[in-house]
Amino acid sequence: MDINNAQQAVDNWIKEHGVRYFNELTNMAQLTEEVGEVARIIARRYGEQSEKESDKNKDLGEELADVVFVVLCLANQTGVNLQEAFDKKMDVKTKRDHDRHHNNEKLK
């Protein structure tokens, strides 16, 4: 599914199953919460913190999908075409960063 279709799928879900979008500030808080859940899994599973028993069954993919869902909500309610924005960002990063990363001694 491309980003345009994902944005439309989220909008359809909101219209069919939700009452309305949460306001932008609520969604920003929700996004922060979801990113925090991703950070907790990463810190404990791949970082130096020990993983609590209650965290061992957490699904990183599910938490990342929660982040994507809220980002798509924010894009929809603020009128951002995320496909266009993402394509533009990839073009900028490709032109700007191609040699930069290849020449970074820290990455070798």
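In which hand does α1 pass α4? The crossing of α1 over α4 is right-handed, a crossing being called right-handed if the near helix is turned clockwise from the far one by less than a right angle, and left-handed if anticlockwise. The structure is a predicted model, in which local features need pLDDT of at least 70 and side-chain atom pairs count only at pLDDT 80 or more, while totals for chains, interfaces and linings use all residues. Residues are numbered from 1 along each chain as its sequence is written, and side-chain values use heavy atoms, with hydrogens and water left out.

Helices are DSSP runs (H or I, at least four residues), and strands are likewise DSSP runs (E, at least two), numbered from the N terminus. The UniProt record, in an unreviewed entry, lists residues 23–99 as "domain: NTP pyrophosphohydrolase MazG-like"; such annotations may be inferred rather than shown by experiment.

Helix α1 packs against helix α4 (residues 82–102) at an angle of about 150°, and their axes are 8 Å apart. Because of that angle, α1 is roughly antiparallel to α4. Axes are lines fitted to C-alpha atoms, for helices over the stretch in contact, and angles run from 0 to 180 degrees between N-to-C directions. Angles under 35 degrees count as roughly parallel, over 145 as roughly antiparallel, 65 to 115 as roughly perpendicular and the rest as oblique. Ile3, Asn4 and Gln7 of α1 make the contact with Leu82, Gln83 and Phe86 of α4, where contact means heavy atoms within 4.5 Å. By class, 3 residues of this contact are nonpolar, 3 are polar and none is charged. In this classification Ala, Val, Leu, Ile, Met, Phe, Trp, Tyr, Cys and Pro count as nonpolar, Asp, Glu, Lys and Arg as charged, and the others, Gly among them, as polar.

The axes of α1 and α3 come within 9 Å and cross at roughly 85°, so α1 is roughly perpendicular to α3. On the α1 side the contact involves Ile3, Ala6, Gln7, Val10, Asp11, Trp13 and Ile14, and on the α3 side Phe69, Leu72, Cys73, Ala75 and Asn76. These residues divide into 9 nonpolar, 2 polar and 1 charged. Gln7 lies in α1, which spans residues 3–17. Gln7 counts as buried because its relative accessibility is 9%; buried means under 20% relative accessible area, exposed over 50%, and partly exposed in between (1.4 Å probe, protein chains only). Beyond residues up to four places away in sequence, Gln7 touches Leu72, Ala75, Asn76, Val80, Asn81, Leu82 and Gln83.

Helices α2 and α3 (residues 60–78) pack at about 160° with axes 9 Å apart, which means that α2 is roughly antiparallel to α3. The crossing of α2 past α3 is left-handed. By class, their contact has 13 nonpolar, 4 polar and 6 charged residues. Val38 belongs to α2 (residues 24–45) and, at 13% relative accessibility, counts as buried. Leaving aside neighbours within four places in sequence, Val38 is in contact with Leu60, Glu63, Leu64 and Val67. Val38 and Lys58 are 20 residues apart in sequence, with a C-alpha to C-alpha distance of 9.5 Å.

Val92 lies in α4 and counts as partly exposed, at 35% relative accessibility. The C-alpha atoms of Val92 and Phe69, 23 residues apart along the chain, are separated by 25 Å.
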